[in-house]
Amino acid sequence: MKNTLKRCISALLAAGTLLALAAPTAMAEDERRTPSGIKFADLEKKFDDEFNFDKYATDPVEYYAGFEAVVFCGDEIVYEGYFGETDRERHIPCGEDSVFEWGSISKTMTWVSAMQLWEQGRLDLDADIRDYLPDGFLRYLRYDEPITMQNLMDHTGGWCETTYNISTTDSSKLTTLAEALQETEPAQVNRPGEVVSYSNWGAALAAYVVECVSGMDYADYVHENIFDRLGMEHTSIAADFSDNEWVREQRDNLCSYTFNVLPPKYKSDGKRISYIKLYPCGSAAGTIRDLATYAQAFVSDDAPLFEHRETQEKLFSGSLFYGNTDIPLSSYGFGVTEYKVRTFGHDGATVACRSNMIFDRESKVGMVTLTNETSTNLVIEGIPKMIFGSCDLEKYSDGSSEERSFDGYYLISRSNRGGLLRFTSCLTPVCADRQPDLVRVNDGLYTIGGELMLGEGRRSDGRESFMLGAMEIDRDKAYPAEISLLALYFIIAIGSVFVLMYKVKAARRGRYSLTAVGAAQTAGQLIKLISAAAAIVLIAYVGREASYGVPKAVGVVDGIVNLVCIAVCAGAATASLIGIVSKKSDKWAKLRGAVNIAANAAVIAAVLYFEMYRFWGC
Amino acid sequence: MKNILNIMRLDLTAMRAKRFSLGKAFLIMFVLSLVLGVLFPPLIIAFLFALSLTAVPAFIDIEDKNGGEMTFAVLPVTRKQNVIARYGLITIVQTVTGAVSFIVLKIAQILDISGMFRVTSELNSSLSDVLDLKINDYGIFALIVCLTLAYGLFYSALQLGGYFKRGKGSTKKSTARGVFILVLVYVAVAAVFIIEASSLNVQILHSALMVLATLFTALSAPFNGALLCIFALGCAYGFVFYKAACSVIDYESREL
């Protein structure tokens, strides 16, 4: 009895001791929070409260197509949510086995690969990449300055957006990475290292450098050095998912949706499988768990992707900064976003999916989201702020708050600034007149509307520019003249339609006899019309996100049409000049001739200025 | 040129022929809409629209009553001058009305008695994020005036074209046809938007709309929408010019 009592007391004491020891840990567990201050334990409720998923759950597809989110802290998953369906028609719910396309998050694998090779001493980030590439690989460089891997990581290689499409819906048209790069080499429009211009092509080129240095196929390299190291068994990187049969099968269960104004709220775009020829820039696909695993590696003190922890530290030490501050804009290819805390990551978008990966290396909290919705969804886009809190820009202020006028027209660096699509960059200007003034908060750092951060650009030509994430806007003082020239080009084409219709009518009534001068002018009118129609076809192609560019054949035909246009218009103008100086023509004929010369000159000027003829090297 | 101006004068005189003439009615309506337009700007646009629908039929009616079609037979003028004068007069009337409308619109904006511009400003700022329009509030009204004027020019040129090709009898038909086309255009535009907003996937329609939207927003960027106005009016005046040239051919080869 005595022993029993002793045992009971001992047991109670032991339990008490264990409880006393365990309680603070449990309490600490409960107190762990996201950088925004949400307790991990409350995340599920917060997701429900903030996004009202309970309500949506009655008919989730009315509010989002399919959506998955994982929040982690270190190597622990603290929230995991699966909403909606990957295929509404077949009612396949989102779940652990759902495969989504990760889009541009794939680029970070190239940057990781480059850093791995750097730490092995096989790749110099500051060496000219031409040292690693086959001779003459880059055929259309405009500047002699070296282009480094660091430039590719920072998107400062100088290339504009690609003209020709970088994806195909026919997997048999896929080529090697080297061939795809050479097929789509864009124009180099900026001096290397000067202008930030997000480039899919540049990222894919970096992957090719990895191939050249490692001597391995890029997909094999990524599998061996990233996926296998992290145990990411449900992820593929090859353009046609051929490196992971399971992923390929699961991808067939995913359809893409866009938001609809009228019911049903989501419009099915089908499976929308598009094979990216420059696959390293956006072909990764896999489950959200694998994406979380990948993101978790970047907050791990063990730095599992690298041999030395210092390499990972360097990866997130910042490489491109706002103005002359030490506030990073990007870090070796990873985007830097200032919330309540500084976060790193990358988002992605393909023709079928959107994705996001953000993590705070201090708290080790991160999140990944995936959706099969290509239209903007405010519910999903609000999640990062919910997890990481709002940025207080005041903390970056050096005390100054002087205003700087923000007016005029700016063009976006990530556009087709060279080659036959050059005119399209003028169709999407940033009109600063309607924006609030800039407020200088630090050396070369500005804010606009108290939210957006802009870094002052550093162009050698002195052009005013601002960095916004992975691209820049630069002031184009000639913009009004440029768009007027473009408008004139189109209005002359419309005028040509009227003139041609009149000529047909007059000819039917026997009122128009074709002379040599008239024939040349008619040819000029016809080619102007064809040239403008070709330009409209290009605009339609650029707007079609599914194509990511213009088919090569279309571009070549378009370029040739415009070369012919220059020749024919020059001929028509010459013929009109001959008509004017001939003694036979009356004053009205002379006036018509003068108008004709002016119209032809304007069209030639537009075609030359906007490089509409240049179907090569762009 | 002198003959053309004389024909225009003759037409204006014919308009003033009766005690309560069409010219007076037009002037009264015009002044009234200008005054009221300062209070409520959409009235100016409504007047411009009404003018574009009624100007040619009313003008032809007077022509018919006064034997204007045979002017070239009794006066030393050619059929060509007759056509140019009629196109010129209608175009000048519409252009002057449009120009005055712009001025009145500016006054209405300064006074903003009805609060229309304030409402438009709020609407514009909320829409500008979605549509990426780079036009301010006055620019939006001015653009609507411009597009109405351009429409009026197109429509009047079509009616005059029919008149010179087939005579007065065709005008009623062409008016009916014009109204029918107008309704058809509205129905087509509505159908396009409904299809776009629905779950139907019509890629070619989507591409066409995208091209139009791109060009529309690009042209609206410089000079507060003025380039877009110039573009629309350039097309309209080009069409008037084309129709006038065609009418010369039609009228000269027509049996009268």
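This is a predicted model: local features need pLDDT of at least 70, side-chain atom pairs count only at pLDDT 80 or more; totals for chains, interfaces and linings use all residues.
1. Residues are numbered from 1 along each chain as its sequence is written, and chains are lettered from A and ligands numbered from 1 in the order in which they are written.

2. Chain A holds 17 helices and 24 strands, where helices (H or I, at least four residues) and strands (E, at least two) are DSSP runs numbered from the N terminus. Its C-alpha trace spans about 135 × 55 × 50 Å along the principal axes. Of the 618 residues in chain A, 47% are buried; a residue is called buried if 20 or more other C-beta atoms lie within 10 Å of its own, exposed if 12 or fewer, and partly exposed in between, with C-beta atoms placed from the backbone. Among the contacts in chain A with a separation of 6 or more, 70% join residues 24 or more positions apart, a contact being a pair of residues whose C-beta atoms, placed from the backbone, lie within 7 Å.

3. Chain B has 10 helices and 0 strands. Buried residues are 36% of its 256 residues, and of the contacts in chain B with a separation of 6 or more, 75% are between residues 24 or more positions apart.

4. In chain A, 9 strands form an open sheet with antiparallel pairing, in the order β3-β2-β1-β16-β15-β14-β13-β12-β11; two strands pair if DSSP finds at least two bridges between them. Because β3 (92-93) and β11 (320-321) of chain A stand at the edges with a single partner strand each, one side of each has no neighbour in the sheet. Within this sheet, strand β12 (residues 328-331) of chain A is joined by 2 bridges to the antiparallel strand β13 (residues 334-338) of chain A, and Ser331(A) has Phe334(A) in β13(A) as its bridge partner.

5. Two helices of chain A may be followed across the strands. Helix α4 (residues 105-119) of chain A lies across β13, β14 (342-349) and β15 (354-360) of chain A and runs at about 120° to β14(A), whereas helix α10 (residues 288-297) of chain A lies across β1 (66-73), β2 (76-87), β15 and β16 (365-371) of chain A and runs at about 150° to β16(A). For these angles, axes are lines fitted to C-alpha atoms, for helices over the stretch in contact, and angles run from 0 to 180 degrees between N-to-C directions.

6. The contact between the chains takes 32 residues from chain A and 26 residues from chain B. On the side of chain B that touches chain A, α9 (203-220) and α10 (226-252) of chain B each supply at least two residues, and α10(B) gives the largest share, 10 residues.

7. The largest nonpolar core has 221 residues, of which Ala114(A), Ala204(A) and Ala206(A) touch the most other members; such a core is a set of buried Ala, Val, Leu, Ile, Met, Phe, Trp, Tyr and Cys residues joined through C-beta atoms within 7 Å. The largest share of this core, 15 residues, is from α10(B). Apart from neighbours within four places in sequence, Ala114(A) contacts Leu123(A), Met149(A), Met153(A), Ala206(A) and Val210(A).

8. Ala99(B) is placed in helix α5 (residues 79-111) of chain B, and it counts as exposed because it has 11 C-beta neighbours inside 10 Å.
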